[in-house]
Amino acid sequence: MFSKSDFQEWGKKDVVLFASVMTRIKGRKDDSLLSTYGFRGFPSFAILDAEGEAITKKMGRDLPSMRSAVEAATSYSKLKAAKAAGEQVDEAKWFLAQLGLGQLKPDEAKEQLEKIELSGADRAKAESEILVMELTGMMDRVRQDRDGVATEVYDLYKAGKRLPDDSQLIGFFAAMVSIGAKTADDAKGYLWAH
């Protein structure tokens with residue numbers, strides 16, 4: 001991904017990129033960076049605020065996910081400062097910023113989404129981000145219960161849930177829909193997945 005021109009272009013104008021190979025070299029100033037932010041391996045990604053605090057380490061490893069997280073981080077930092085100053089903030093914007101940074105669990109996000117009035121585009125974005133969080137959790141369970149996860153993902157597909165075509169999870173989503181559709185003898189769903 002780092003060698004792709006769209007990522008390089010984005011990295012030059014919208015963010016400050018920092019890359020470090022974390023091989024320990026005695027005396028090098030950034031050797032503790034990996035452990036400072038609680039990472040155990042690489043590649044590791046984080047968004048830091050102006051004070052160097054990691055405001056998220058949860059983001060997809062694709063450009064659309066990174067763009068979305070950076071956008072949410074910008075909004076989050078401003079809203080957090082306003083809240084700290086005792087100002088009223090737009091709850092919908094606060095929700096979207098927290099959601100975009102992965103600071104909410106899927107069930108918590110769904111509950112808040114029902115209480116907050118969002119425009120069509122913002123609602124669709126929130127629903128997509130919640131779907132990504134749910135699928136990420138399902139990926140962690142697929143080794144223990146592949147057929148159960150496939151059924152859950154297939155049910156999401158049948159309910160009309162879809163990922164953007166450039167989502168890093170599209171392959172997982174399609175594979176699970178394929179298994180679920182085959183089990184349900186759903187030729188249309190099976191063809192969609194292939």
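Helices (H or I, at least four residues) and strands (E, at least two) are taken here as DSSP runs, numbered from the N terminus. The model is a predicted one, in which local features need pLDDT of at least 70 and side-chain atom pairs count only at pLDDT 80 or more, whereas totals for chains, interfaces and linings use all residues. Residues are numbered from 1 along each chain as its sequence is written, and side-chain values use heavy atoms, with hydrogens and water left out.

The mean pLDDT (the predictor's confidence in each residue, from 0 to 100) is 83 for the protein, and 84% of its residues reach 70 or more. Among the elements, the highest mean, 94, belongs to helix 7 (residues 146-158), and the lowest, 68, to helix 2 (residues 33-36). Where pLDDT is low, the predicted coordinates should not be read in detail.

Several of its residues are buried, including Leu63, Met66, Val70, Tyr76 and Leu79; buried means under 20% relative accessible area, exposed over 50%, and partly exposed in between (1.4 Å probe, protein chains only). The buried residues of helix 3 pack against helix 1 (5-13), strand 1 (47-48), strand 2 (54-56), helix 4 (91-100) and helix 6 (120-141). Just after helix 3, Gly86 takes a positive phi of about 85°.

The structure holds seven salt bridges, each defined as a side-chain nitrogen of Lys or Arg within 4 Å of a carboxyl oxygen of Asp or Glu. One of them joins the side chains of Glu71 and Lys125 (3.1 Å, N to O), and this pair links distant parts of the chain, with Glu71 in helix 3 and Lys125 in helix 6, 54 residues apart. Glu71 is exposed, at a relative accessible area of 51%, while Lys125 is partly exposed at 32%. A further salt bridge brings together Glu127 and Arg123 (3.9 Å, N to O), both of which lie in helix 6, four residues apart, about one turn of the helix. An α-helix has 3.6 residues a turn, so residues three or four places apart point the same way.

Asp186 sits in the loop between helix 8 (170-183) and helix 9 (187-193). Asp186 counts as buried, at 15% relative accessibility, and its side chain reaches the backbone nitrogen of Gly189 at 2.9 Å. Leaving aside neighbours within four places in sequence, Asp186 is in contact (heavy atoms within 4.5 Å) with Tyr154, Tyr157, Lys158 and Ala181.

The interior can be described through its nonpolar cores, that is, sets of buried Ala, Val, Leu, Ile, Met, Phe, Trp, Tyr and Cys residues joined through side-chain atoms within 4.5 Å. The largest has 19 residues, and those with the most contacts inside it are Leu135, Met138, Val153, Phe172, Phe173, Met176 and Val177. Helix 6, helix 7 and helix 8 each supply at least two residues of this core, and the largest share, seven residues, comes from helix 8. A second, separate core of 18 residues includes Ile47, Val70, Trp94 and Ala97.

Methods: A polar contact is a pair of N or O atoms within 3.5 Å; within protein, one must be able to donate a hydrogen and the other to accept it, and residues adjacent in sequence count only if both atoms are side-chain atoms.
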